[in-house]
Amino acid sequence: MTYESPAAILVVDDNPAKRLATKAVLAPLGYEIVEADSGLAALRCVMVQDFAVILLDVRMPVMDGFETAALIRKRQQSEMTPIIFITAHGSDDIEQADRYADGAVDFMFAPVPPSELRAKVAVFANHFIRAELLAEQAREVQAYADQLRLLTDAAPIGIFQTDIDNRYVYTNPRWTEITGITAEAAAGHRWGSVIDPNRHPSPSDWLSDRSDDRVELHRRVEIVHPDSTSQMVLTTAKPIPDNVGGIAGWVGTVADVTAEAGAEAAMIAAHDAALSASEMQKAFVASASHELRTPTTSILGYVETVLESDDLTQQDRDFLEVVHRNAQRLTRLIDDLLFVGQAEIGPSMMHFEPTDVLPLVERVTSAFAADAQRAGITLVTCCESEPPRALVDPLRLEQVLTNLVSNALKFTHQGEISVNIHRGDDSVEISVADSGIGIDPADIDNIFGRFYRTQRAHDTGVNGSGLGLAIAKGMVEAQNGQIEVTSELGHGSTFTLTLPVAHFEKAMA
């Protein structure tokens, strides 16, 4: 973090020429300079603003510098603000005891060397900025600690922390509900105050037969309450490492698992309910798909009929072709949603035809051109001199590229997105590369999973169902291709489709 506000310097002098000269000397430092022409004006300033250092004239009418400093020091917020007295008195004219009696950190006699004044002010200003940074960090840490305490206090499971001697240092309200022991009663007491250590060892004793002291440990323990009722709880504990490779204590959770005795019956009931819900879902999907397909089929029919007319202008025909293509895409999207819920996408569901890849890619990029321009992103298409021709399902491939470019725009805040076409010896490659936030290596293996969304997607507030990449992968593989991703966290991602040329050439022959 950085401290964005500049340090403020208060210059107090009843002589405007002196204040102007002092401002000129301090100007190269780049700090905010606030002027006060009297002790009373200086007091008004410190009431509304904090200063890194105060340059205070000794000789002033009504209220001199010493009196002003004494009053500044009485205000709690400014009692530690550095004060440098600047005076035209000779050094022998002022008693030594007077110089620092009212909290001055320094005493400078006119004429003041500019370099010396700048050096001293810079030292105090730098200290002030560092102090403000530390204070801001402390506030952030405290806010985080307060938030964490609110979360743990509201957690639906019991949470506890012990020190190295297994003495409780924190328990949350849910822990009290489960164990029947208040936080005050548990604080400072050992594990045995709740659980009989002879029957249920403390977490540190669980490791007696283990060599790994950094694993998460689980134990089922029985808690007997004063009224002789018992409760089965699942205790999870994890060691807190210290600074020398040892253990500083334990943090863990307790969950009431008493009801697990009836878990089998509950699982059977849940299974039956799930089957029923699945049947209802299938019925809903069938109904919804019919209701969606009917209007889109009607749109396609009417548009195709109008396109057969010879009375259309070229512009009208272009517009209708866009409507027709997007209606086809919408129809395929409805099918894809059904496929996701019912079966894997296979080659038999594809509608292959010889396709020029470059115009298809340009249609996709042109559809996103306005969005990219609004976001300040450069969207480009790159292709070799002889664009490849492929046997694909053009609408499916267009949807794949639409998903990839849409994702790239979601996660790219500046820079460029490029769609590159390359024909190798035995393959056609189409890659979508962006300069966005990138993908965490831990998410790479799961990125094509259904409904999978990365933590960074949640953190950045990007909405989505998590189906786009899963559908894209299924469609590419159904066209005998492959899709891969490479990414560097913070430096963008590249999704590459590889489609075999040999398969296309054989099919088109």
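Guide: Helices here are DSSP runs of at least four residues, numbered from the N terminus. The model is a predicted one. In it, Leu-148 lies in helix H5, which spans residues 114-154.

Visitor: Which residues make the nonpolar surface patch?

Guide: Tyr-144, Leu-148 and Leu-151 make it, and its area is about 340 Å².

Visitor: Turning to helix H3, which of its residues are buried?

Guide: H3 covers residues 65-74, and its buried residues are Gly-65, Phe-66, Thr-68, Ala-69, Ile-72 and Arg-73. They sit on the same side of H3, because the arc they cover around the axis is only 160°.

Visitor: What does the side chain of Asp-64 reach at the start of H3?

Guide: One of its side-chain oxygens comes to within 3.1 Å of the backbone nitrogen of Phe-66. Phe-66 is also among the buried residues of the helix.

Visitor: How many disulfides are there?

Guide: A disulfide requires two cysteine sulfur atoms within 2.5 Å. By this rule the count is 0. Cys-383, for instance, is in no disulfide: the nearest cysteine sulfur belongs to Cys-382 and is 9.0 Å away.

Visitor: Are Cys-383 and Cys-45 buried or partly exposed?

Guide: Cys-383 has a relative accessible area of 30%, so it is partly exposed. Cys-45 has a relative accessible area of 15% and is therefore buried.

Key: Residues are numbered from 1 along each chain as its sequence is written. This is a predicted model: local features need pLDDT of at least 70, side-chain atom pairs count only at pLDDT 80 or more; totals for chains, interfaces and linings use all residues. Side-chain values use heavy atoms; hydrogens and water are left out. Buried means under 20% relative accessible area, exposed over 50%, partly exposed in between (1.4 Å probe, protein chains only). Helices (H or I, at least four residues) and strands (E, at least two) are DSSP runs, numbered from the N terminus. The arc is that of the directions from the helix axis to the C-beta atoms. A polar contact is a pair of N or O atoms within 3.5 Å; within protein, one must be able to donate a hydrogen and the other to accept it, and residues adjacent in sequence count only if both atoms are side-chain atoms. Patches are made of residues with over 30% relative accessible area and no salt bridge: like charges are joined within 9 Å, nonpolar side chains (Val, Leu, Ile, Met, Phe, Trp, Tyr) within 5 Å. Accessible areas come from the Shrake-Rupley method with a 1.4 Å probe; for residues, only the protein chains shown count as cover. A salt bridge is a side-chain nitrogen of Lys or Arg within 4 Å of a carboxyl oxygen of Asp or Glu.
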